[in-house]
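Subject: Structure handover

Hello,

Here is the structure I promised to pass on. My notes follow below it.

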Amino acid sequence: MPTLTIDNLSVTIPDGSTIFEAAAQLGIVVPHFCYHHALGAVGACRMCAVTVVEGKMPGLKMSCMTPAEEGMVVETDTAQAMEFREHVGEWLMTNHPHDCPVCDEGGECQLQEMTISSGHGVRNYRGNKRTYQNQDLGPFIAQEMNRCIQCYRCARTYQDYCGGRDFGPMGSRQRVFFGRFTDGMLESDFSGNIVDVCPTGVLTDKTFRFKTRLWDLQQAPSICPHCSLGCATVPGGRYREIQRVVSGVNVQTNGHFICDRGRFGSSYVNHPKRPRQARVDGTNVPVAQALNRLRDKIAGVIAEHGPGAVAFVGSGRASLEANWLLKQWARSLKCPAPVFELHPRRGRAIRQAVGPLSSHLASLRQVRKSDLVLVIGADPLNEAPMLALALRQAVREGGRIVVLDPRPVDLPCVFEHHPLTQEQILCLLAGRCETGLLNNLLSELMTARRPVLVGGSDLLGGVGLQLLGHLTESCDNDDRYCLIHPLLPRVNSFGGGLLEDAPQEDLLERLENGRIKALVCLESDPGSEHPEAGRMQLALSRLDYLAVFDCLPTHATRRADLLLPTATTVEGDGVYINNEGRMQAFSAALQPGIPIAAVTAGQHPPREFMPETPGSQPQPAWQMLQDLLGERHSVTALRRAMEQSEPRLEGMSRLQPGDEGIKVAPQDPEPVEESTVEIWSQDGDLRLLPVQSCYGSEVASSLSQTVTPRLVTPRLMVHPQEAQQRHLQEGEDVTLKTAHGLFRLRLFCDERMATRRAIVPCLPGTPLEIFVPGGLSLPCDIEGGAS
C-alpha cells in the first residue's frame with residue numbers, strides 16, 4: 001500500500017490506485033469529466049492534469065491514468081497544471097451553446113462546476129460552432145447533442161457497463177455523435193443511467209423536463225420498492241408531485257446505477273385513484289375518527305366471537321416498523337399472529353431465506369465479484385433487473401454464468417442456458433435426474449473461488465430453496481462459503497418473514513370455514529396475492545368486516561368497509577430488509593397531498609384556497625398503528641423497542657437513510673424442512689407457467705403511467721415445437737384453456753424456452769391478473785381459430 005503526498009497531505013492507499021483516487025480520499029477535488037467511480041478512467045477529457053513533483057516520471061500527468069507510487073509528491077495547483085486545465089476547459093467549451101438558462105442540467109451540471117474550477121471564464125473562439133440534429137430517443141431520454149464535450153461516459157455506461165447495443169458513438173474527431181442509427185426508444189432496461197452519468201445537459205430525463213430546478217426540488221435518500229434487491233434511490237418532487245427518481249449510491253446493493261423500472265416507475269405516487277381519505281362504510285371521515293371506529297369494531301368482534309375471529313395480514317410492501325406494530329397490536333388483543341405472506345408457497349420460500357439460508361446470503365456486490373454464478377429458476381431481467389446488471393459485471397471480470405430456467409431468459413451478457421422445466425429443476429436439485437449436468441455443475445462449484453447460487457423463490461418455492469441450501473453447504477470448504485442470492489417476492493418480504501411466528505393454517509381455509517369474521521390488511525390485497533384468487537375473492541365477500549391500510553388503489557381498498565390511507569415510501573420514514581437480509585432506512589422526500597397540477601387542472605398558482613392541503617390525510621402506517629396502540633414514539637425510539645423485541649434487528653436504531661445498511665444477524669435454528677411431494681408433480685403434456693414481466697406485473701409499476709410504453713400486452717408464449725404440433729402460427733390469436741377459464745391471447749414462439757410449457761405474464765388490470773406467480777405449473781391446452 002503506497003504512501004504519497006498530495007498538496008502537502010499524506011495518504012496511504014491500496015495497491016493499484018491512481019493519483020486521482022488518492023486525492024479523492026483526501027477530499028481534494030481534481031477537475032474531471034470522463035472519470036466515473038463505476039466506470040473507471042480512460043483519459044479522454046484531459047482535464048485532471050496534476051504535477052508530479054517527485055516520482056519515477058515527474059512532470060505534468062493525467063491523475064486518473066497515473067498509478068500512485070511510494071514516496072510520490074504531487075501538487076494539483078501548480079501554475080503548469082492550472083494553465084493546462086484552463087486550456088482544456090476552453091477547448092471543451094469551444095462548441096458549447098452556453099444555453100444554461102434553459103438547460104435542465106442547471107444546478108447539478110458538472111460542466112459548469114469543472115469549467116469554473118479549471119479557471120476558464122472567457123471565450124476567445126469567435127468562429128462557427130459545430131451543430132447537430134437531435135434524435136428522438138423515446139419517451140424517457142431527451143437529447144441535446146450541441147452541448148456534448150465527447151467525454152464518452154454515456155457510451156461507456158450504456159454499452160460497456162449495461163450491455164446495450166443500440167446506442168453509441170458515431171463519426172470522428174469533433175464530429176462524434178452519440179446516439180442510435182435511427183430514431184426510437186432505447187432498448188436497454190438501464191437506459192436512464194446515461195442521464196445520471198452525463199456531465200452536461202446532452203442527455204436529460206424527458207419525464208422531468210422543464211419541471212423543477214434542482215434547488216427547488218425536495219429530495220431524500222430512499223429505497224426502490226419494486227423488487228426485493230433494495231436498491232438505493234433519491235426521489236425528488238415539488239408541489240406534492242413526485243417528479244423524478246435518480247440512483248443513490250450503495251456499493252453493497254446497486255452500486256451507482258438503477259434500472260428503468262425503478263427510475264421511471266414512481267408515478268403511482270401521483271395516481272389519481274390513489275386512496276387519500278379515510279373511509280368508513282362508504283363515507284369519507286377524518287383519520288382519527290376512522291381509527292376510533294376500527295378500534296371499537298375489532299373490540300366488538302372479539303367480545304362476540306373471541307380473538308380467533310380476527311385475522312391480521314401484513315405485507316412485503318409495508319415497512320418493517322408497520323409490520324412489527326401490526327404484530328404487537330394482534331398480540332395485545334390475544335389474536336393469532338399476522339400472516340405476512342398470503343401466498344403459501346412464497347411464504348415457505350421466505351422462511352428458508354430468513355432461517356436456514358441466512359448465514360450464506362450474498363449481496364449484489366458479491367455477485368458482481370463472483371467467478372461462477374449458477375442462476376436456478378430465476379429470470380433476472382424480469383424479476384430483479386439490477387441482478388442482471390450484476391451478472392454482467394461478473395462476466396466482465398472473467399466470471400461464468402449458467403442459467404437453469406424454463407423461460408427464454410435474456411441477460412446483457414454471455415451466459416449458458418439450460419431450458420429445464422420447473423419439475424426438472426427440482427428433480428435435479430434433489431439428485432434424481434440429469435445426473436451428468438448436476439455432476440458437471442458440482443465440479444465447477446467446488447473449484448470456483450467465489451461461487452454464488454441465485455435462486456428464484458417463485459419457481460423454486462420453499463422446497464427448491466431448501467435443496468439449494470443443501471447444495472451450497474455441500475460446496476463449502478475451509479477457504480470460502482458457496483453463497484446464495486435468493487430472489488424474494490417484494491421489497492420487505494425478508495422483514496415480514498423475520499417477524500413471522502410459527503407457520504399457521506392457510507388464511508384462505510380459515511376464511512372459507514367462517515372462523516374469521518373481521519380481517520385487517522396492511523398494504524396487502526388478498527384477492528390478487530393469493531394463488532387461488534377466485535376462491536379468495538369469494539371468501540372475502542363472506543366477511544363481516546374488512547379493514548384496509550393502503551396507499552394504492554387495489555381490489556381490497558375498493559371493497560373495504562373501513563379504509564385508512566397510508567403514505568408511500570417517498571412520503572414517510574421506515575426500514576426495509578432486502579433479500580440478502582440488509583436493513584436499510586428511507587426517509588420522506590414529500591408530504592402527502594394531491595399534486596397542485598391535479599388540483600388546479602394545470603393552473604398555477606391555485607385559484608382556490610382552503611385551510612387543509614387537499615389529499616393530505618395519508619400517514620405512515622406505523623404512525624396510525626401506534627395511535628391504535630395508544631403510543632406515540634419517534635421513529636428512533638420505535639426502532640430501539642424493536643431491537644429489544646427482536647435480537648436479530650440489532651443496529652436498527654443506528655440506521656441512517658443513504659448509508660449502506662446493516663445485515664441482520666443470521667439465524668441458527670432447527671432446519672425448516674419442506675415437503676418434497678411437489679417435486680414429483682405430474683409433468684403433463686402442456687402446462688401453464690405464469691411469470692413476472694419487468695413492467696406491469698408488480699402493483700406499483702402497473703399503476704405508473706410513465707412506464708406505459710414498456711408494458712407488454714397479454715400474450716401466450718410457447719416453444720415452436722408446441723405450435724407446430726397444434727398447427728398454430730406465431731402472431732395468430734389462440735384460445736388458452738385452463739381451470740380458471742378461457743383466455744383469448746396472441747401467440748408468440750421462442751425456441752429458447754422449455755418444451756411442454758406455455759408462459760403467460762401476470763398483468764394486473766387485465767384478464768391475466770387471475771394468474772399469480774409462485775405456484776406450480778398448471779394443466780392447460782391451446783386451440784387456434786375463432787373463439
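Helices α13 and α15 are roughly parallel to each other, because their crossing angle falls under 35 degrees. Keep in mind that this is a predicted model.

First, more on that pair. Helix α13 covers residues 422–429 and helix α15 covers residues 457–475. Their axes cross at roughly 20° and come within 9 Å. The crossing is left-handed. On the α13 side, the contact uses Gln422, Ile425, Leu426 and Leu429. On the α15 side, Asp458, Leu459, Leu460, Gly464, Leu467, Leu468 and Leu471 take part. By class, the contact of α13 with α15 has eight nonpolar residues, two polar and one charged.

Helix α8 (residues 320–332) packs against helix α23 (residues 635–645) at an angle of about 60°. The two axes are 11 Å apart. That angle makes α8 and α23 oblique to each other. The crossing of α8 and α23 is also left-handed. From α8, the contact draws on Leu320, Glu321, Trp324 and Leu325. From α23 come Val635, Leu638, Arg639, Ala641, Met642 and Ser645. The contact of α8 with α23 divides into seven nonpolar, one polar and two charged residues.

Val373 sits in strand β17, which spans residues 372–376. Is Val373 buried or exposed? Val373 is buried, because its relative accessible area is 0% and the cut-off is under 20%. Setting aside neighbours within four places in sequence, Val373 is in contact with Val367, Leu391, Arg400, Ile401, Val402, Val452 and Val454. Take Ile401 from that list. Val373 and Ile401 are 28 residues apart in sequence, yet their C-alpha atoms are 5.0 Å apart in space.

Last, two arginines for you to look at. Which backbone angle stands out at Arg46? Phi of Arg46 is near 65°, a positive value in a residue other than glycine. Arg46 lies in the loop between α1 (19–25) and β3 (49–54). Its relative accessibility is 38%, so Arg46 counts as partly exposed.

Arg756 has a positive phi too, near 65°, and is likewise a residue other than glycine. The loop that holds Arg756 runs between β31 (741–749) and β32 (757–761). Arg756 counts as partly exposed, because its relative accessibility is 27%.

Best wishes

How values were computed. Residues numbered from 1 in each chain as written. Predicted model: local features only at pLDDT ≥ 70, side-chain atom pairs only at ≥ 80, totals over all residues. Heavy atoms only, no water. Axes fitted to C-alpha atoms, helices over the stretch in contact; angles between N-to-C directions. Helix = DSSP H or I, 4+ residues; strand = E, 2+ residues; numbered from the N terminus. Parallel < 35°, antiparallel > 145°, perpendicular 65-115°, else oblique. Left-handed = near helix turned anticlockwise from the far one by under 90°. Contact = heavy atoms within 4.5 Å. Nonpolar A, V, L, I, M, F, W, Y, C, P; charged D, E, K, R; others polar. Buried < 20%, exposed > 50% of the residue type's maximum accessible area, 1.4 Å probe, protein only.
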